[in-house]
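Subject: Structure handover

Hi,

Here is the structure for you to look over. Please open it alongside this note.

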Amino acid sequence: MDITYTAEERAFRDEVRRFLHDRLPADIAAKVREGKRVTREDHVRWQSILAEQGWFAVHWPKQYGGTGWTPIQRHIFDEEYASAHAPYLVPFGVSMVGPVIIKFGTEEQKRRYLPRILSQEDWWCQGYSEPGAGSDLASVKTRAVRDGDHYVVNGQKTWTTLGQYANMMFCLARTDPTAKQQEGISFLLIDMDTPGVTVRPIITLDGAHEVNEVFLDDVRVPVEDRVGEEGKGWTCAKFLLTYERTGIAGVGHAKQALAHLKDVARHQTANGRPLYEDPLFRARIAEVEVDLMALEMTNLRVISAAQNGGVPGAESSMLKVRGTEIRQAITDLLRRAVGPYALPFLPEALEGGWDGEPVGPDYAAPLSAQYFNRRKLSIYGGSNEIQKNIIAKMILGL
Amino acid sequence: MDITYTAEERAFRDEVRRFLHDRLPADIAAKVREGKRVTREDHVRWQSILAEQGWFAVHWPKQYGGTGWTPIQRHIFDEEYASAHAPYLVPFGVSMVGPVIIKFGTEEQKRRYLPRILSQEDWWCQGYSEPGAGSDLASVKTRAVRDGDHYVVNGQKTWTTLGQYANMMFCLARTDPTAKQQEGISFLLIDMDTPGVTVRPIITLDGAHEVNEVFLDDVRVPVEDRVGEEGKGWTCAKFLLTYERTGIAGVGHAKQALAHLKDVARHQTANGRPLYEDPLFRARIAEVEVDLMALEMTNLRVISAAQNGGVPGAESSMLKVRGTEIRQAITDLLRRAVGPYALPFLPEALEGGWDGEPVGPDYAAPLSAQYFNRRKLSIYGGSNEIQKNIIAKMILGL
Amino acid sequence: MDFSLNDEQRMLDETVSRVIREEYGFEQRRGFAGEPDGFSAANWSLFAELGLLAIPFAEENGGFGGGGVELMIVQRAFGRGLVLEPYLASVVLGGGLVEQLGSPAQRERLLSPLLAGKSRLALAWAEPEGRYDHLAVATRAERDSDGYRLSGLKAVVLHGDSADRLLVTARTAGGPTGRAGLSVFLVDSAQPGVGVRGYATIDGLRAAEIRLDDVRVGADALLGPEGGAADALETVLTLGCAALCAEAVGVMEAACELTLDYLKTRQQFGAPIGRFQALQHRMVDMRIALEQAQSMAIFAACSLGLPGAERDRRIAAAKVVIGNSGRFVAEQAIQLHGGMGMTDEAMVSHLAKRLVMIDHHLGDVDHHLGRFVALSD
Amino acid sequence: MDFSLNDEQRMLDETVSRVIREEYGFEQRRGFAGEPDGFSAANWSLFAELGLLAIPFAEENGGFGGGGVELMIVQRAFGRGLVLEPYLASVVLGGGLVEQLGSPAQRERLLSPLLAGKSRLALAWAEPEGRYDHLAVATRAERDSDGYRLSGLKAVVLHGDSADRLLVTARTAGGPTGRAGLSVFLVDSAQPGVGVRGYATIDGLRAAEIRLDDVRVGADALLGPEGGAADALETVLTLGCAALCAEAVGVMEAACELTLDYLKTRQQFGAPIGRFQALQHRMVDMRIALEQAQSMAIFAACSLGLPGAERDRRIAAAKVVIGNSGRFVAEQAIQLHGGMGMTDEAMVSHLAKRLVMIDHHLGDVDHHLGRFVALSD
């Protein structure tokens with residue numbers, strides 16, 4: 001038993017760190033560090049650099065342009081990535097539809113779509129959730145009716161993250177309305193420029209435009225843009241839901257947030273001394289820090305099992321529950337740390353390039369918005385209640 | 001709106017306090033204060049003093065020897081009672097079967113049993129729970145078969161508190177096995193000296209003998225010892241479950257325990273100063289103290305509604321949930337307060353009259369045992385989970 | 001012991017509740033928020049007309065002589081509607097301090113237009129480095145020939161950008177955190193040397209950073225005794241805390257109501273989600289938290305007349321319970337609403353934001369826990 | 001990174017687990033508890049025979065050279081069986097300190113009989129006023145003609161009543177809380193002036209208050225350098241914490257297993273109670289707590305070889321997580337068992353008691369949280 005990294009892994013970490021240090025654009029890292037909004041252009045610019053290095057399709061097999069990294073290497077990459085303030089890696093193409101196409105797609109689909117993911121030519125979004133479905137993903141109401149070489153798709157998708165930037169959407173649609181629940185669903189690739197596709201923003205409680213509704217009105221989708229067999233789309237969906245979720249704990253981001261919390265607490269004053277020296281607040285930080293240490297070890301245990309060929313199942317649900325609880329606890333303390341300066345809400349201050357005078361300490365501006373934004377962590381990707389149902393069933397046999 | 005007591009109420013409080021000061025035997029109060037075991041004789045001695053004063057049957061109407069007090073007076077009495085370290089008032093006779101007999105009993109039953117409750121001639125115990133029934137009280141399996149002027153009762157009761165002292169038991173038994181669940185149950189009064197009644201102790205995790213199993217083998221119970229109609233026993237049971245539960249919050253006891261906690265923390269040393277001055281421990285105490293203040297106000301709101309003729313329903317369940325959470329939090333802190341001296345377990349030190357040398361500070365001995373004992377608070381009388389089900393249904397309509 | 005409202009209080013409750021119900025729908029509120037001051041000028045006039053602005057003032061000052069309970073009634077109803085108007089800032093804190101400290105002439109001059117809805121006050125008590133400590137005042141007032149010159153920075157002044165008159169705490173003597181030497185001055189927002197930078201707060205209100213750059217005021221700008229304003233300031237901040245507690249209860253009521261509705265109507269896996277026991281129990285915990293908060297709001301409202309230390313200890317306890325229960329209700333209301341709870345479109349997200357952020361107004365849980373401890377021993 | 005056991009470790013795990021499974025049933029355990037020393041003399045001999053007592057010692061001292069992982073394997077299995085024998089007290093703490101501090105001759109003299117199961121040690125480090133602070137030592141050792149005279153009180157000495165030899169911390173110099181001046185002496189329990197008052201602990205073990213009344217020992221009773229025992233003491237207490245963490249994981253495993261069984265079999269309202277979602281989610285939380293605890297036990301076991309401060313910081317973190325998760329699992333295991341969980345008859349109540357009380361051995365959550373903070377900055 002050994003909880004340290006091997007010499008090779010440490011060398012790999014150094015290599016990743018050096019690359020991030022050299023190649024991550026400073027302006028983008030600054031936005032992430034300061035909690036400012038990262039633009040579409042920022043994402044594309046950075047992801048192109050990653051792709052050029054061959055480090056964009058982290059999970060893909062080498063033959064398709066992936067890294068072929070081991071789970072531990074991927075974990076090291078995630079940690080360094082977060083620690084370098086690299087921006088959220090938009091997963092819908094490279095981490096979601098890509099692996100589905102690799103696993104279930106035709107040769108033609110692979111030839112056509114995989115390179116365009118790597119080249120950033122396509123920006124993908126996800127058409128899973130529907131209004132009223134919530135965590136019950138299989139209750140797909142969107143209909144796809146065969147009409148010659150096309151499906152005619154009608155329905156509505158929602159919570160489509162960064163759909164405003166996307167030109168492609170992967171989507172679940174019901175091709176057989178008589179089959180029940182998970183049967184009769186097909187997995188379709190839709191060009192967002194097709195007539196009948198309308199994207200409408202959903203503004204979230206923090207004032208951000210991250211998610212959208214997508215309306216599909218008589219959208220004609222070529223049959224060759226169906227992945228897998230007709231009616232077997234749930235297989236793709238399920239594959240995606242369980243695919244490579246060892247990063248789900250978000251340990252790298254949490255460590256980053258914790259370091260930021262300590263930094264903020266060192267700069268804030270409470271009762272004439274740094275807030276960081278206030279015994280009660282210091283204890284609150286320590287309590288979440290030890291929990292995070294435990295989560296990191298749990299995460300490493302799961303990754304190590306994956307490294308040895310195990311397939312993490314409902315363990316991912318545990319990582320998700322605990323990981324989101326801890327990250328939410330940290331964002332809560334961050335908001336609390338700045339006291340009254342958690343109140344000012346200056347959306348313009350969250351845009352990159354804004355050079356106005358901050359209200360209060362410059363680190364204060366995004367903290368409340370982030371706190372509210374991060375409430376989503378325990379809701380999306382299967383709410384924590386759903387995750388607990390999964391654990392109860394799969395691990396506990398209840 | 002006024003959260004203060006009236007002059008009359010304050011005078012009443014003074015009267016109660018004076019009475020407790022003058023008449024509560026010092027040796028009994030000392031046992032309670034020091035967390036030692038109160039004997040049957042102690043209970044009887046003290047309850048006789050209360051009865052002599054006319055303050056034993058607090059909830060009974062005056063005509064039967066009760067006090068006729070208002071809900072607020074009863075609350076004041078409870079508070080002073082706890083604050084004076086008077087012992088747990090054994091409820092099975094005076095607070096449970098007494099009110100049932102007053103409400104549902106025949107004149108003969110009232111004449112026979114009520115005076116014997118007041119005179120301590122009878123010590124009652126409760127035969128509700130059965131093995132395997134838990135919170136599902138209506139799943140009564142004990143059978144009572146009519147045989148002439150008698151019922152022949154067979155079955156088993158459990159969690160019978162202080163049954164080892166009792167000469168009488170009130171008990172639910174199924175008189176009609178064909179009726180379903182709550183139907184077909186009758187409410188019987190059983191003389192514990194009847195042949196076929198066997199009491200077997202259950203030792204709890206703190207080493208105490210508080211509860212028992214009671215076996216009923218062909219126990220012959222005269223038909224005139226049935227309260228209410230045959231098959232309508234559930235009415236009596238339900239009446240008891242909702243009867244006068246404004247004391248259920250346990251505010252008086254919690255205030256007492258909190259005061260004791262502060263006292264202990266003032267005497268303990270941690271890092272070279274009183275534990276009470278340790279910022280983290282002090283904050284833990286303060287957190288529970290403000291919660292208790294809120295509970296006290298909530299309790300007073302419910303009592304005040306009862307004073308004005310309202311009947312507290314599922315509000316009692318809220319008081320029970322919150323009250324037990326708070327009392328358990330206090331006993332948890334008490335155990336933690338004494339550090340390593342929470343470990344020694346000297347059952348003999350919990351007996352009154354023991355004059356051995358204590359291990360560690362003299363207040364330490366009962367604290368761990370009490371912590372474990374008080375886990376029962378969220379289990380008995382309808383577990384907190386059951387209380388939440390009740391609130392969900394009755395108050396929220398879910 | 002009496003938790004019922006008297007006839008006047010019941011009438012007040014009915015009046016305010018009706019106004020909120022009828023005039024303050026969630027969509028209307030969006031319109032109000034879009035007005036220049038971030039709230040509705042018409043509503044402010046309406047409140048004045050209805051006499052709501054006069055509630056907490058003594059009759060001799062043109063008020064109705066309302067106490068903590070009347071304030072609780074108003075604020076709780078305001079909480080249910082997420083009212084944007086600066087009642088707390090202008091009436092409770094601003095007007096409250098004038099009533100506490102002002103000479104008869106000052107009271108006449110300042111309170112009459114305030115109660116008529118013609119003038120609005122804001123109380124600039126906090127400073128950038130002071131966190132929630134009202135005594136951490138570095139702003140200085142130097143005696144000048146016939147008055148004072150004020151210099152300093154005041155932080156997160158609630159509705160400081162729409163008030164025409166500011167009440168500013170400043171040191172006329174003493175160290176940077178003492179009780180002695182704390183004074184209150186009246187400053188005109190439009191006066192030279194006063195820099196007001198207004199902004200929105202994340203809970204939907206407005207606040208301002210205020211810079212005082214050698215601002216000259218006359219001797220009559222001083223409210224109350226020079227250097228002796230600490231007691232009055234504490235009385236008023238305490239009143240503000242009680243008002244926030246009552247408002248939070250109103251917000252929690254609305255949040256619990258919306259969430260319960262959602263649990264009953266939202267279908268998932270073929271049933272209303274309120275059939276799932278884990279969610280039921282969560283909703284029960286929210287409801288219990290609301291009851292506890294409600295109790296503490298009453299407790300606070302009824303404790304305002306007590307002597308300073310005991311009053312402050314109780315208010316601190318109330319603010320702690322409100323802060324904890326508010327955050328719990330807010331987070332769970334969002335969680336139980338799922339994605340919908342995350343949207344700007346849904347009222348529940350606005351309720352949640354206000355609930356969480358109430359903890360950042362006039363001292364948070366940790367601040368008041370510390371005060372409670374200090375005042376308990 | 002490798003979380004698997006090697007072949008020797010797997011064999012050790014199988015051996016200990018089999019012993020616990022076959023020889024340490026809950027009813028058998030009652031019998032062991034009834035023996036004079038509060039544990040089974042036969043088991044102790046068996047452990048010696050199996051070589052378990054030799055596990056953590058270096059080969060040069062007759063041991064197997066086991067490290068943190070081997071200790072974890074043994075203690076976790078012991079936790080599952082709620083083992084009563086003084087492995088922690090005598091082998092880990094007592095023997096551990098002898099190995100750290102003893103001269104070759106002392107090691108030979110003390111460890112051989114210990115490993116053979118013929119002699120038992122106890123470590124008397126705590127004092128009545130010292131709480132969990134191992135440096136708060138008031139017991140004094142005065143130099144005497146050819147040795148030392150010891151006087152003082154040692155508190156809650158784990159298995160101090162059945163050990164034939166005591167390792168006692170005492171001051172040979174320095175103030176009452178310093179690192180310097182702390183020494184360790186070997187004292188024979190039967191020696192004149194040694195008063196041992198043994199008692200049961202609520203978690204089923206034994207401990208003792210030990211009074212040293214001018215106890216005369218020879219110069220060879222000193223272990224290690226005079227006044228320089230603090231480092232070694234900390235190494236051994238840290239080892240003890242890691243052992244407790246591993247044991248706690250074993251106890252939690254057993255508690256979770258029994259509770260899950262109970263949820264699946266116990267019928268109420270016509271269904272197994274494990275069908276109720278609120279109870280399912282509680283059980284999930286228990287299971288997650290167990291995983292987190294398990295992770296920290298591994299973390300602790302693998303951090304014992306690090307330099308002092310980082311080792312101590314990690315062990316402190318582990319003890320905090322174990323303390324919190326242990327209490328949570330204990331309380332919920334009782335709660336989900338209902339009345340049954342309250343009975344002495346049910347194993348789960350004993351598991352719960354041990355879990356909660358492990359927090360009182362070698363420093364509780366608050367103590368280690370403070371250490372963690374102090375060591376982090």
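This is a predicted model: local features need pLDDT of at least 70, side-chain atom pairs count only at pLDDT 80 or more; totals for chains, interfaces and linings use all residues.

Chains A and C

How much do chain A and chain C bury between them? The figure is about 3800 Å², with 58% of it on carbon and sulfur atoms. In residues, 48 from chain A are in contact with 41 from chain C.

The interface of chain A and chain C has five salt bridges. One joins Arg284(A) to Asp366(C), with the closest N and O atoms 2.5 Å apart. The cut-off for such a bridge is 4 Å. Polar contacts between chain A and chain C come to 22 residue pairs.

The largest share comes from α11(A), with five residues. By class, the side of chain A that touches chain C holds 26 nonpolar, twelve polar and ten charged residues.

Chains D and C

Now the other pair. Chain D and chain C bury about 360 Å² between them. Of that area, 52% is on carbon and sulfur atoms. Five residues of chain D are in contact with five of chain C.

How many salt bridges cross the interface of chain D and chain C? The count is zero. Three residue pairs are in polar contact between chain D and chain C. On the side of chain D that touches chain C, three residues are nonpolar, two are polar and none is charged.

A domain in chain C

The UniProt record, an unreviewed entry, annotates residues 122–215 of chain C as "Acyl-CoA oxidase/dehydrogenase middle". In the model, this span of chain C is 54% strand and 0% helix. Its end C-alpha atoms lie 17 Å apart.

Aromatic pairs

Over all chains, the count is 44 aromatic pairs. Take Trp124(A) and Phe170(A) as one to look at. Their ring centres are 6.4 Å apart and their planes sit at 45 degrees, so the pair is tilted. Why does this pair tie together parts 46 residues apart in sequence? Because Trp124(A) lies in strand β1 (residues 124–127) of chain A, whereas Phe170(A) lies in strand β4 (residues 168–174) of chain A.

Best wishes

Methods: Residues are numbered from 1 along each chain as its sequence is written. Chains are lettered from A and ligands numbered from 1 in the order in which they are written. Side-chain values use heavy atoms; hydrogens and water are left out. UniProt positions are given in the numbering used here, feature names are shortened, and annotations may be inferred rather than shown by experiment. Helices (H or I, at least four residues) and strands (E, at least two) are DSSP runs, numbered from the N terminus. Contact means heavy atoms within 4.5 Å. Buried area is the accessible area (1.4 Å probe) that two parts lose on being put together, summed over both. A salt bridge is a side-chain nitrogen of Lys or Arg within 4 Å of a carboxyl oxygen of Asp or Glu. A polar contact is a pair of N or O atoms within 3.5 Å; within protein, one must be able to donate a hydrogen and the other to accept it, and residues adjacent in sequence count only if both atoms are side-chain atoms. Ala, Val, Leu, Ile, Met, Phe, Trp, Tyr, Cys and Pro count as nonpolar, Asp, Glu, Lys and Arg as charged, and the others, Gly among them, as polar. Rings of Phe, Tyr and Trp (its six-membered ring) pair if their centres lie within 6.5 Å; planes under 30 degrees apart count as stacked, over 60 as edge-to-face and the rest as tilted.
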